[in-house]
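Subject: Structure handover

Hello,

Here is the structure for you to look through. My notes on it follow below.

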Amino acid sequence: MMGWLPENVSTYGKDIDRLFYIIYYITGVSFLLVSGTMVVFLILYRQREGRRATYVHGNTTLEIIWTIVPAIILVVLSFMSQASWGNIKGRVPPSEVHVQVTAKQFNWEILYPGPDGKIGTADDLQMDNELHVPVGKVVRVTLKAKDVIHSFFLPNLRLKQDAVPGREIQAWFEATKPGRYELPCAELCGFGHSGMLGHLTVHTADDYNKWVKEQWPSS
Amino acid sequence: MSEAVATHAVHEELGFLRTYVFSTDHKMIARQFLFLGLFMMILGGLMALMIRWQLAWPETQVPGTRWIPEPFMTDGYMNPAFYNTLFTMHATIMIFFVIMPILVGCYGNFLIPLMIGARDMAFPVLNMLSFWVGAVAGVVMLAGFFVPGGHAASGWTSYAPLSAVTQYTGVDWGQNLWCISLIILGLSSLMGSINYITTIINMRAPGMTFFRLPLVIWSLFIVAILLLLALPVLTSALAMLLLDRMAGTSFFLPAGGGEPLLWQHLFWFFGHPEVYILILPAMGIASDILSVFSRKPIFGYRAMAFSMIGIAFLSWVVWGHHMFQSGMSPALGFSFMVTTMVIAVPSAIKTFNWLGTIWGGSIRFTTPMLNALAFVSMFVVGGLSGIFMASTPVDIFIHDTYFIVAHIHYVVFGGSVFGLFAAVYYWFPKMFGRMMNEPLGKIHFFTTFIAYNCTFFAMHILGIGGMMRRIYNPMQYEFLHPLQPINVFITWSAIALGLAQIPFVINFFWSLFAGRKAERNPWKANTLEWVAPSPPPHGNFDAIPVVYRGPYEYSSPEVTEDYLPQDRQLVPQRVATAH
Amino acid sequence: MPRGEVVTSIVDVGTEQRVEIPSRVGAPPFTGSPSGRDPFPWSPDPMVGPPVSNARLGMLVFLAFEGMFFAGLLGTFLVFRLGSQFWPPVGQPRLPILVTSANTAILLFSSWTMRNGLRAMRKGDWDGLTTGLSWTALLGTTFLIVQGSEWLRLIRHGLTLSAGIYGATFYTLIGCHGLHVLGAVIWLLIARIGLSDKRFWARRQVGVELGGMYWYFVVALWPVLFALVYLS
């Protein structure tokens, strides 16, 4: 089942995948235990002539055990999750690259601040559905939406964040491998929801500089 | 509790209209809810098949749909807006017009008076109104297909602002009717809740204390309370959504100072208890059936009752787990993650207790039992897959993917619908006075079970592969191309799942008219409904039973048979032991 | 079972129990689960009936629904109220606190007339009941008229439903309460008319009783709304 995860190319993606594996093994073992026990019981205790069912109403010790064990596992999982959650969504690390993504029906408007690094100045450059970033750099994304809620989804970077009209939401990622990846919208946004698709191009450092030169030749 | 009135009612000859249409008899109202639910289930199922066809073979003609006019379908080719309508209405119908009417409406109505030993509900006329108001809601909901602009197309969650402004979806009156229908349905559920709660508190037979109630009654009692407290919140949210759409307010529109996330908070504050409203009755049904066919007392009766109460309480503080990626403060994510993890504990307790119930039993593999066992195992899968979503970082990836779709179907189909089938097979003799056909029932069960798992388990893989929910054409995305064979496989399985329901329909209607006549207590069960004749007359019992013990005294050493009905009085004759 | 005794035979008296059981039969001893006592060993006594009648219990359940409905609207109001710096927003009129305070007093006073009416009913005093109901309905109508005229003034000052979130929350919340008061007044009037023929009044007491409960609910809700919407 694990082979189905899309290739991970972000720094925090491996934390998410690791948690995914941990939960996968815990739940997998639990499922096998429960269903295995059930099948064994169904075979052992099927109706047979001359055998009467056991007359028991419960067992307090057992009840306590199977309350506490899952509770401990689940609380431990919560705390394990919290570390990565805080890292991914709780804060944005210092970033060198900043873009503003405005979602609208049915496009991603990607606004690059240009060489001055500030949004809202003359050298801003807007591209539809094309997000270019360098590899190995923290990219801060300011998410906005013009009309309805959209969701900024980078499957290969394990990033998903809704873009909500009336709000500015900060997200970030750091790509680890150059390439071209898809950027679909993950929240139903109207009849064009399917097919609302952008692309993320992760450049090597040299490539990225070349790309910047092409876009802002004057500077 | 007036004896005179009830006995009188037995002898009164009622006309056709009063007997079958505007009946105040809780059993007739239950049957009405059952037929409403089964009819809607066919509609919802056909919609699901159309959705599946589109996903497996996008932009091909959907067979048998050329009669559907523009703008929905163009000569059998589905339009994206109609696709959105289909999944919106599939979910809406299945949740609000199939599972709630059958599990809560039908079995709540049928079982509560019979199992607590009452002659009818506390408010029979209100009960009748509850069905008819619900039926009006159904008509209004279906009417939405025939208005210009088509039916609601913003998902069953109807996230604002998509649902709040007409031009975002192009849907005008469809969405309004959707809101109005759910408000009306809320009134129907309110009437039901008032009846259920009052009846369970006030009309139990002598000796029927709360801790002698069958667990299915406990579950319905808790569901009634959840409905009562959750639905008004949805009603207020729907009213505001309607005002936004029709009166120019801007509760959910940022342009006018509104807040889109407010809708999500209100919706999920209702929505999460709603999920438990769908699953709790099935839990109760499974508990009863497992005990009956294991011929063994339920394991940990009190733990079962208290864990349901625990689930009910916790279900009010977990709604935020639907909103981890919504832009809600990430700090809230942790608290909602912890509550969500904790709510899995009572579910785990219940699962282990079900295993404890079959342990050491003498298990009869009847159709209701098989469905109840399927309920347990499928609910386990649904519960365990929920842990993935509860973990906030993992949810970043799987949120809004097919993993979620797989999860909800394991809970709502694997859980509620198998519970529903178990209930139909188990109580059919009491409800209609005839037995259902066992071989056909087993064919239905095994084909459904296999096709169901092929359909929905594979959806986990789609989700892990990153396939988003609610997309119209997966082939538009390069990273989903390798997953397309799975989509095709799921669609074939879904078609098989649809076909697997044919034996059920045949069995149901054939048994209705030609099934073997049922005796009073064909399953040799303990609970009070089996004391009444099959089917019970208006007024239910020959005489109100007196309850002497809990509902699960199977294989008790006190008697030679392996069951001991709740109303049987044992008078032990004691003599000194001779050594 | 006491030590030293064994059950040698069991007499099954059958399942066909008559309902003629002695009064105050209570619950037969709990034998369901050997592991535990019954924490709630109560079932309604068929001779005495339940402590709270069906009608009253049903009404209480209904009021819980109403309470949650208003909780949803109030929650919405509070989200916007607590989330904004200026309330009322710039350019929007203030709410009429003085008139509404007087109106609050009128509504609160009506709960006293209602109480007098209900007390009279329980004592079998027809005159007291009808007077109480008439006064309550009159006070309720006054409340509605004053509210309505204040609304007209507010609308003239530009506070409309669609004028932003301030107007929207105000009219939705206060309007819903107004509709509830209106419903309660209509209920009281119907009850009052039903009582005019003194011969039938005994059978109509349940309706009056429930109307009274509902009236207390809408009256009790008002000070909460007044404090949160007008005074905060």
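Chain A and chain B bury about 7600 Å² between them, and carbon and sulfur atoms give 70% of that area. Keep in mind that this is a predicted model.

**The A–B contact**

The contact takes 77 residues from chain A and 98 residues from chain B. The count of salt bridges between chain A and chain B is one. Glu259(B) and Arg167(A) form it through their side chains, at 3.1 Å from N to O. Polar contacts join 32 residue pairs between chain A and chain B, counting pairs with both residues at pLDDT 80 or more.

Which elements of chain A give two or more residues to the side that touches chain B? They are helix 1 (13–44), helix 2 (60–90), strand 7 (159–163) and strand 9 (179–184). Helix 2 of chain A gives the most, with 17 residues. By class, this side of chain A has 43 nonpolar, 21 polar and 13 charged residues.

**Salt bridges over all chains**

A search of the whole structure gives 20 salt bridges over all chains. One of them joins the side chains of Asp17(A) and Arg158(A), at 2.7 Å from N to O. This pair links distant parts of the chain, 141 residues apart. Asp17(A) sits in helix 1 of chain A. Arg158(A) sits in the loop between strand 6 (150–154) and strand 7 of chain A. As background, side chains of opposite charge can pair when their charged atoms come close.

**Two sheets in chain A**

Take the five-strand sheet to begin with. This sheet is open, with mixed pairing, and its strand order is 3-2-1-5-8 in chain A. Why does one side of strand 3 (125–128) and of strand 8 (169–174) of chain A lack a neighbour in the sheet? Both strands stand at the edges, and each has a single partner strand, so one side of each is left without a neighbour. The twist averages 25° from one strand to the next.

Inside that sheet, look at strand 1 (residues 97–104) and strand 5 (residues 138–145) of chain A. The two pair in the parallel sense over seven bridges. Ala103(A) stands opposite Ala145(A) in strand 5 of chain A.

The other sheet has three strands. This sheet is open too, in the order 4-10-9 in chain A, and its pairing is mixed. Strand 4 (130–134) and strand 9 of chain A are the edge strands, each pairing on one side only. Neighbouring strands of this sheet are turned by 25° against each other on average, direction ignored.

Strand 9 of chain A runs antiparallel to strand 10 (residues 197–203) of chain A, and six bridges join them. Arg180(A) stands opposite Thr201(A) in strand 10 of chain A.

**Backbone points to check by eye**

Most residues other than glycine have a negative phi, and most peptide bonds are trans.

- Glu70(B) and Pro71(B) are joined by a cis peptide bond, with omega about 0°. Pro71(B) lies in the loop between helix 3 (26–56) and strand 1 (73–74) of chain B.
- Trp87(C) and Pro88(C) are also joined by a cis peptide bond, with omega about 0°. Pro88(C) is in the loop between helix 1 (54–83) and helix 2 (97–123) of chain C.
- Ser158(B) is a residue other than glycine with a positive phi, near 45°. Ser158(B) is in the loop between helix 5 (124–143) and helix 6 (166–169) of chain B.

Best wishes

Terms used. Residues numbered from 1 in each chain as written. Chains lettered and ligands numbered in written order. Heavy atoms only, no water. Pairing = 2+ DSSP bridges. Helix = DSSP H or I, 4+ residues; strand = E, 2+ residues; numbered from the N terminus. Axes fitted to C-alpha atoms, helices over the stretch in contact; angles between N-to-C directions. Contact = heavy atoms within 4.5 Å. Buried area = accessible area lost by both parts, 1.4 Å probe. Salt bridge = Lys/Arg side-chain N within 4 Å of Asp/Glu carboxyl O. Polar contact = N/O pair within 3.5 Å; in protein donor to acceptor, adjacent residues only side chain to side chain. Nonpolar A, V, L, I, M, F, W, Y, C, P; charged D, E, K, R; others polar.
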